[in-house]
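These are my notebook entries on a structure I looked up.

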Amino acid sequence: MTLAQEPTALTFECETGNYHTFCPISCVAWLYQKIEDSFFLVIGTKTCGYFLQNAMGVMIFAEPRYAMAELEEGDISAQLNDYDELKRLCLQIKRDRNPSVIVWIGTCTTEIIKMDLEGLAPKLEAEIGIPIVTARANGLDYAFTQGEDTVLAAMAHKCPNKAPIAEEEKEERNAISKLLNFGRKKEETKVEDSKYINHPPLVLFGSLPDPVVTNLTLELKKQGIQVSGWLPSKRYTELPVIEEGYYVCGVNPFLSRTATTLMRRRKCKLIGAPFPIGPDGTRAWIEKICSVFGVEPKGLEEREAKIWESLEDYIKLIRGKSVFFMGDNLLEISLARFLIRCGMTCPEIGIPYMDKRYQKAELDLLEKTCKEMGVPVPKIVEKPDNYNQIQRINQLKPDLVITGMAHANPLEARGINTKWSVEFTFAQIHGFTNARDILELATRPMRRNNNLKELGWDKLVKEEAKV
Amino acid sequence: MKLAYWMYAGPAHIGTLRIASSFKNVHAIMHAPLGDDYFNVMRSMLERERNFTPVTASIVDRNVLARGSQEKVVDNITRKDQEENPDLIILTPTCTSSILQEDLQNFVDRAQIDSKGDVMLADVNHYRVNELQAADRTLHQVVEFYLNKARKKDELPEGKTEKPSVNIIGISTLGFHNQHDCTELKRLMSDLGIEVNEVIPEGASVHNLKNLPRAWFNLVPYRELGLMAARYLEQEFDMPYVDITPMGVVETARCIRKIQQILYDQGANVDYEEYINNQTLYVSQAAWFSRSIDCQNLTGKKAVVFGDNTHAAAMTKILAREMGIHVVLAGTYCKYDADWFKEQVGEYCDEILISDDNGEIGDAIARLEPAAIFGTQMERHVGKRLNIPCGVIAAPIHIQNFPIGYHPFLGYEGTNQVADLVYNSFTLGMEDHLLEIFGGHDTKEVITKGISADSDLNWNKEAQAELNKVPGFVRGKVKRNTEKFARERGIDEITLEVMYAAKEAVGA
């Protein structure tokens with residue numbers, strides 16, 4: 001390998017878009033759990049319903065707060081009135097579940113028949129007395145996690161403009177921070193409040209499990225930075241106040257519409273930072289936020305070093321190995337950057353959609369990481385073609401392929417280690433504390449194979465089957 | 001619009017894809033938006049398939065919406081034709097493409113010009129048929145296509161096979177225990193001295209379809225899949241078919257007798273009576289099980305059955321006719337074929353439920369309070385909530401219903417498997433009695449997590465000896481109940497008296 005052959009600047013390619021990913025309506029599965037008083041109504045066909053039922057597995061049985069409004073032939077041919085039909089179903093939902101918000105998820109079908117959900121919602125909202133949020137999370141426009149982006153962008157419009165009365169509002173927000181410091185006494189909270197430096201309000205966006213929310217909020221608190229609210233919050237009724245001039249920062253790489261909405265419609269200032277995935281990402285994320293507010297970060301370097309130290313047993317397993325991302329959930333850039341920092345090489349990062357502006361800081365960090373680790377920068381392939389990718393995987397023989405479930409078993413049968421990308425979406429991967437969880441996932445195939453390697457059962461398909 | 005939390009049968013394209021991916025070297029191209037290819041996930045995960053699922057999507061995106069698919073579908077078909085050389089490419093419409101109303105047949109005709117393999121459009125309407133009906137229709141379509149092709153080229157083989165032979169029609173990918181059933185049916189045919197001519201669609205090559213008419217008859221084990229193809233073959237080639245599902249001892253015998261008659265009519269002098277008798281009485285364990293005292297304890301117990309037509313009907317008959325169990329409700333989600341179901345189970349159950357609304361079934365189960373449920377994964381979860389055991393007998397199913405071990409539902413080994421499933425689903429007879437004696441069913445409060453945790457309570461010698469006499473599998477429960485009783489009353493030594501008092505108190 002000569003230096004000339006190693007690209008030093010990131011290259012972007014775009015293939016055919018024939019790749020496997022989940023439909024963006026899958027976001028209801030984690031959002032209904034996150035927003036406890038919500039009900040998600042997916043307005044679509046049997047195809048959508050069957051997907052949710054199968055992809056979400058057993059979750060469906062826990063009496064979920066989501067359902068299908070299954071369109072029938074009469075709906076398609078407009079023999080039935082959309083408004084009346086939706087009203088009937090929403091009243092039933094109100095009666096059975098009494099949610100604080102109903103989120104309508106528009107699908108491919110509602111797009112094609114041009115059902116005016118955004119127009120119907122305000123009318124129906126007024127009539128039945130429950131807020132209705134409309135998100136077009138369809139497979140015509142979006143992939144997998146982008147579904148959350150469309151829902152949060154719609155919710156951003158619903159965030160209160162201004163607290164009704166300043167006093168009360170402050171009280172309420174204290175209540176939230178009290179919750180976060182559960183167990184501590186009120187007086188203490190007040191004392192700690194004064195430890196925050198004086199900075200404009202900061203609202204973070206992205207749906208994360210509550211323990212991760214607490215964790216990241218405390219991480220910033222250590223730097224004297226107060227998180228005024230999260231979009232989304234635990235309950236719809238607790239959506240954060242967003243006023244003009246507030247600062248916002250994303251925690252996930254797939255939230256570009258939400259970021260745009262917050263900037264353009266709510267006149268917020270976006271802090272463009274790498275995402276808090278991996279200790280390197282978390283540190284860079286905090287540092288960026290600190291720098292915006294003019295804070296000198298304290299103790300981050302030691303903190304990061306300590307985390308890396310504790311990861312060494314896992315890193316040993318992957319150092320010097322290669323990883324190939326087929327691409328399906330938009331976490332790919334951040335994960336690749338972290339794994340390269342762990343000592344891996346990465347020939348290709350497939351990704352459904354690449355917002356170079358929203359992910360700018362993350363891309364810069366990726367490039368910098370490659371330079372510092374002395375490895376070639378990966379080729380970033382937008383809208384990949386899975387068939388072509390499998391040809392490339394056959395040539396490159398990467399040590400690990402991060403891929404969807406459609407390809408995982410067939411690749412394993414051909415002796416290629418895989419990790420399902422979906423698990424990264426559902427696992428807790430943000431912040432310093434959870435770095436270990438990412439590696440727990442990424443190294444699992446290696447650890448499993450170390451256990452089995454004596455057996456000689458690598459390739460379990462008869463002929464080198466053509467793909 | 002319909003408010004739906006759960007559906008029993010999938011959308012039409014799933015049926016078409018099940019047929020396409022069952023055949024060897026057939027590729028399906030879905031005209032669908034991103035994310036609709038989750039069929040690949042289901043196949044790869046549920047069936048633990050080692051090979052790539054031969055299904056790709058020709059993506060419908062914003063551009064297609066604006067300008068139509070134009071060359072995209074044709075290009076995707078010809079590209080796949082070159083990449084993988086499939087014998088047949090089936091263009092599969094989805095709900096999305098149904099509304100777009102593009103002329104897919106035209107795409108197929110154009111793609112056929114440049115393709116080495118055959119190209120076909122699956123003739124299914126998304127809003128009219130479900131997964132099962134679509135699978136039936138697609139299989140018929142493929143069979144018809146290749147028989148017509150062979151006829152045109154004059155390649156149809158003449159006459160029948162020398163020995164009696166059969167086509168087994170309807171074994172498919174993602175079918176409930178289909179692989180095991182297929183093995184069992186082949187074994188049954190070989191026992192009967194019948195050659196298996198072709199099995200379709202699973203593992204079949206489209207090139208062999210022209211040989212279908214060489215068989216003496218067709219066997220269609222499942223009501224939902226294969227009948228259309230069998231009827232077509234009857235009409236075109238005068239081939240008789242057997243559509244009696246050989247599930248359960250009585251129905252297996254009925255199926256074999258029907259085969260016997262069909263072969264006899266074609267001049268084979270076969271007599272299977274001795275085989276049936278021998279299997280029923282001495283080889284298969286199910287008939288003996290019905291007679292045994294184990295099964296006696298099941299007499300009159302209440303059960304609810306729900307599933308697809310094939311399995312729910314067969315199961316109802318087995319429970320009622322072969323085991324003396326009281327089927328309080330039998331139901332199916334195959335609404336389109338409800339009359340058949342009613343006719344099949346009418347005399348074997350109190351009540352019939354035809355519905356694909358899981359709420360309705362859940363409510364019926366709650367109302368009837370059966371001792372066991374035989375249903376789909378959905379009913380299993382209803383059972384969990386209501387604390388009623390459930391044996392899974394039909395799709396929709398999860399990965400645990402694709403066992404690696406041999407578990408047919410059909411044929412004589414199938415009768416054994418079903419007997420086990422039934423027996424294990426009900427609370428075992430002896431345990432049932434003992435639980436009744438010692439204080440009812442599962443107590444919700446658990447004192448210690450371990451089964452036989454050391455406790456601070458002191459059992460005296462006599463009480464300990466008495467406890468040891470209680471059969472092992474309920475001993476822990478008796479111990480817990482007694483200790484709980486003693487704790488509540490502040491007793492710190494357990495004597496025989498305390499033990500009996502506990503038994504009385506808990507029993508009361």
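How far is the sulfur of A:C159 from the closest cysteine sulfur, and in which residue does that sulfur lie? I worked from a predicted model. I found the closest cysteine sulfur in A:C268, at 8.8 Å, which is too far for a bond.

Entry on cysteines. I applied the cut-off of 2.5 Å between sulfur atoms. By this rule I count zero disulfides over all chains. I also looked up A:C108: the closest cysteine sulfur belongs to A:C23 and is 6.0 Å away, so the distance is too far for a bond. I then checked accessibility. A:C108 counts as buried at 9% relative accessibility, and A:C159 counts as buried at 4%.

Entry on β4 and β5 of chain B. I looked at how strand β4 (residues 88-93) meets β5 and found four bridges, with the two strands running parallel. Across this pairing, B:L91 stands opposite B:L121 in β5. Along β5 (residues 118-121), I noted that B:D118 and B:M120 point one way, while B:V119 and B:L121 point the other way. I recorded all of these residues as buried.

Entry on the open sheet of chain B. I traced four strands in the order β7-β6-β8-β9, with parallel pairing. β7 (195-201) and β9 (241-242) stand at the edges with a single partner strand each, so one side of each has no neighbour in the sheet. Within the sheet, I found three bridges between β6 (residues 165-171) and β8 (residues 217-219), which run parallel. Here B:V166 of chain B stands opposite B:F217 in β8.

Technical notes: Residues numbered from 1 in each chain as written. Chains lettered and ligands numbered in written order. Predicted model: local features only at pLDDT ≥ 70, side-chain atom pairs only at ≥ 80, totals over all residues. Heavy atoms only, no water. Buried < 20%, exposed > 50% of the residue type's maximum accessible area, 1.4 Å probe, protein only. Pairing = 2+ DSSP bridges.
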